[in-house]
Amino acid sequence: MIFYFSGTGNTRWAAEKIAQKTGEELIFIPQVTNFDFTLKEGERIGFCFPTHGWQPPRIVRRFIARLHIANAEGHYCFALTTCGDSIGRTMQMLCADLRRAGLPKADSVFSLTMPESYVCLPFMYTDKPEREQEKIYISGKELEIYAEMIRQRITQQVHTTPGIAPWLMSHVVGSYFNGHMVSDRKFTVDADRCIHCGRCQQACPTGDLHFDGQLPTWQHDGSCTSCLACYHHCPQHAINYGSITRKRGQYYFGHKETK
């Protein structure tokens, strides 16, 4: 089984490709209500998620803390994360979370560099269209290799991009980001631009955003992951995160085919 979380679709695409290759069941983390699992003979354990602030997303870490797999010992375990450029010590942190939860350490770990989607900091922008396509093409080739490794249960594989100063990025910058900047409090809607299509609500992976036919509203209940799916899926660019995103681009996986 493959447990996955995805906001703008990069990780969903990767998880689906691995599931097709391995025959494993896909389980969307926000929809899990029963955290007790029992594996079939030969079943793999997979975790696929985007890197959030050079760490595993908070929703994934909380899920792992509650996860109980009765017969996990001896089953092949892998993890794959998508990122815009680098992941810092994301996989070391994930393995520590697995250990604390009494789950097997990942036998192999992978990262895929995908188009940028986080645009809420001064130095972060979406990629140019040509760079988007380049990243998707390269990651597609890499994913074919990684999926075959996972299918064959190959161990001791570390194909990741830690980047510069990984400890600093994950444990200092990432800790601040995930501790203080993951929130729905700064989302706004331009009423004169909103066309009441409801795509923002459909895109929200955690159900944090509600739409009653008038304007979307966020629940402010801690369920937001700051994945920006609502922002990126709005066809009118009516949703913003404070003022910083007003002149930023939008991206979600496959948008050029679906718009």
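Reader: What links Phe3, Phe35, Phe37, Phe47 and Phe63 into a cluster?

Author: Ring pairs do. Rings of Phe, Tyr and Trp (its six-membered ring) pair if their centres lie within 6.5 Å; planes under 30 degrees apart count as stacked, over 60 as edge-to-face and the rest as tilted. One thing before we go on: this is a predicted model, where local features need pLDDT of at least 70, side-chain atom pairs count only at pLDDT 80 or more, and totals for chains, interfaces and linings use all residues. Residues are numbered from 1 along each chain as its sequence is written, and side-chain values use heavy atoms, leaving out hydrogens and water.

Reader: How many aromatic pairs turn up in a search of the whole structure?

Author: That search gives 12.

Reader: Why is the pair of Trp13 and Phe253 called stacked?

Author: You describe a pair of aromatic rings by the distance of the centres and the angle of the planes. Here the centres are 5.1 Å apart, within the 6.5 Å limit, and the planes make 25°, under 30, so the pair counts as stacked.

Reader: What parts does this pair tie together?

Author: Trp13 belongs to helix α1 (residues 10–22) and Phe253 to the loop between β12 (239–241) and α8 (255–258), so parts 240 residues apart in sequence are tied together. Helices (H or I, at least four residues) and strands (E, at least two) are DSSP runs, numbered from the N terminus.

Reader: Why does Asp97 count as buried?

Author: Its relative accessibility is 8%, and the limit is under 20%. Asp97 sits in helix α3 (residues 90–100). Leaving aside neighbours within four places in sequence, Asp97 is in contact (heavy atoms within 4.5 Å) with Arg61 and Ile64.

Reader: What makes α3 mostly covered?

Author: Of its 11 residues, 8 are buried, including Met93, Cys95 and Leu98. The buried residues of α3 pack against β4 (45–50), α2 (58–66), β6, β7 and α5 (166–181).

Reader: What makes Arg248 a charge over the ring of Tyr125?

Author: The rule wants NZ of Lys or CZ of Arg within 6 Å of the ring centre and within 35 degrees of the ring normal. Arg248 lies over the face of Tyr125, at 4.0 Å from the ring centre.

Reader: What describes the packing of α1 and α4?

Author: Two packed helices are described by the angle between their axes and the distance between the axes. For α1 and α4, the axes come within 9 Å and cross at roughly 40°. Axes are lines fitted to C-alpha atoms, for helices over the stretch in contact, and angles run from 0 to 180 degrees between N-to-C directions. Among the residues making the contact are Trp13 and Ile18 of α1, and Ile136 and Leu143 of α4.

Reader: What is the strand order in the open sheet of 6 strands?

Author: The order is β2-β1-β4-β6-β7-β8, with parallel pairing. Two strands pair if DSSP finds at least two bridges between them. β6 and β7 have 6 bridges, so they meet that rule; Thr81 stands opposite Ser111 in β7.

Reader: What makes β7 mostly covered?

Author: In β7, 5 of its 6 residues are buried.

How values were computed: Buried means under 20% relative accessible area, exposed over 50%, partly exposed in between (1.4 Å probe, protein chains only).
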